Amino acid sequence: MSNFTYQEKETLNSLETFEWDNVWIEEHKDWYTQDSEGNILPPIAAWSDVADLNYDNAEMRQAMIDAMKFWITEAGVDGFRCDAADYVPIDFWQDAVSQLRTVKNDILMLAEGNKADYFSAGFNMDFGWTFYGYLNSVYNEKSKSGNNYPACQLASSMNSRLAALTADH
């Protein structure tokens, strides 16, 4: 693995988090969603620890894809788990996956989301949120039927495109 420069590390950090001390905040304020007074906003109020990227900005989109390509070529990653994928426009994922496959054809793309569009955008898998929710309801005794057959049936019907999970974070 290469020794990353400070700039490369900060760019790579942008893939995982969009924290307020990220170098992009100072260098590319227009890459973030802002209110009418120019204050950068979080994606949703509950996520006040991170800033919201402005996917209307073509330069930001390409910088994000270039950072992902860097991870592949310089760090040798074989896939990405795309956190909170539902908050990113599907046309960004289509472009990103298409470009990433030109660098590494067999890159594994896992969307932390629950939209069927992810597969047409090129993702290999998404989280099995429906199954996860059902398991939670069984565990929390919200399913009063006493019959857990539906959970077993759902689990056996899941195809290889859904990641079965029992906890998040």
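Predicted model: local features only at pLDDT ≥ 70, side-chain atom pairs only at ≥ 80, totals over all residues.
Figure 1. Going along the sequence, the pattern reads α-α-α-β-α-β-α-β-α-α-β. If you take the contacts with a separation of 6 or more, 56% of them are between residues 24 or more positions apart.

**Figure 2. A look along helix α3.** Helix α3 (58-75) has 18 residues and runs 25 Å from its first C-alpha to its last, close to the 26 Å expected at 1.5 Å a residue. At its N-terminal end sits a cap, asparagine 57, with a side-chain oxygen 2.9 Å from the backbone nitrogen of glutamate 59. After α3 comes glycine 76, with a positive phi near 75 degrees. Which residues of α3 are buried? They are Met60, Arg61, Ala63, Met64, Ile65, Ala67, Met68, Phe70 and Ile72.

**Figure 3. Helix α4 and what covers it.** Helix α4 takes in residues 90-103, and at 1.5 Å a residue its 14 residues should span 20 Å; the end C-alpha atoms are 20 Å apart, so the two agree. Buried in α4 are Phe92, Trp93, Ala96, Val97, Gln99 and Leu100. An α-helix has 3.6 residues a turn, so residues three or four places apart point the same way. Keep that in mind when you trace Phe92, Ala96 and Leu100, which are among the buried residues of α4. The cover over the buried residues of α4 includes helix α3, strands β1 (79-82) and β2 (108-111), and helix α5 (117-120).

**Figure 4. Where α3 meets α4.** The axes of these two helices come within 10 Å and cross at roughly 35 degrees, and the crossing is right-handed. On the α3 side, the contact is made by Arg61, Gln62, Met64, Ile65, Met68, Lys69, Ile72 and Thr73. On the α4 side, the residues are Asp91, Phe92, Asp95, Ala96, Gln99, Leu100 and Val103. Sorted by type, the residues of this contact come out as eight nonpolar, three polar and four charged.

Figure 5. Asparagine 54 belongs to the loop between α2 (23-27) and α3. Its side chain reaches the backbone nitrogen of aspartate 56 at 2.9 Å. Leaving out residues up to four places away in sequence, asparagine 54 touches Asp30, Trp31, Tyr32, Thr33 and Met60. Met60 is also one of the buried residues of α3.

Figure 6. Not counting residues up to four places away in sequence, valine 50 touches Phe18, Glu19, Trp20, Leu41, Pro42 and Pro43. The C-alpha atoms of valine 50 and aspartate 21 are 9.4 Å apart, although 29 residues separate the two along the chain.

**Figure 7. Alanine 84 and its positive phi.** Alanine 84 is found in the loop between β1 and α4. Alanine 84 is not a glycine, yet its phi is positive, at about 50 degrees. With a relative accessible area of 16%, alanine 84 is buried.

Note on methods:
Residues numbered from 1 in each chain as written. Heavy atoms only, no water. Helix = DSSP H or I, 4+ residues; strand = E, 2+ residues; numbered from the N terminus. Expected span 1.5 Å × (residues − 1). Buried < 20%, exposed > 50% of the residue type's maximum accessible area, 1.4 Å probe, protein only. Contact = heavy atoms within 4.5 Å. Polar contact = N/O pair within 3.5 Å; in protein donor to acceptor, adjacent residues only side chain to side chain. Axes fitted to C-alpha atoms, helices over the stretch in contact; angles between N-to-C directions. Left-handed = near helix turned anticlockwise from the far one by under 90°. Nonpolar A, V, L, I, M, F, W, Y, C, P; charged D, E, K, R; others polar.
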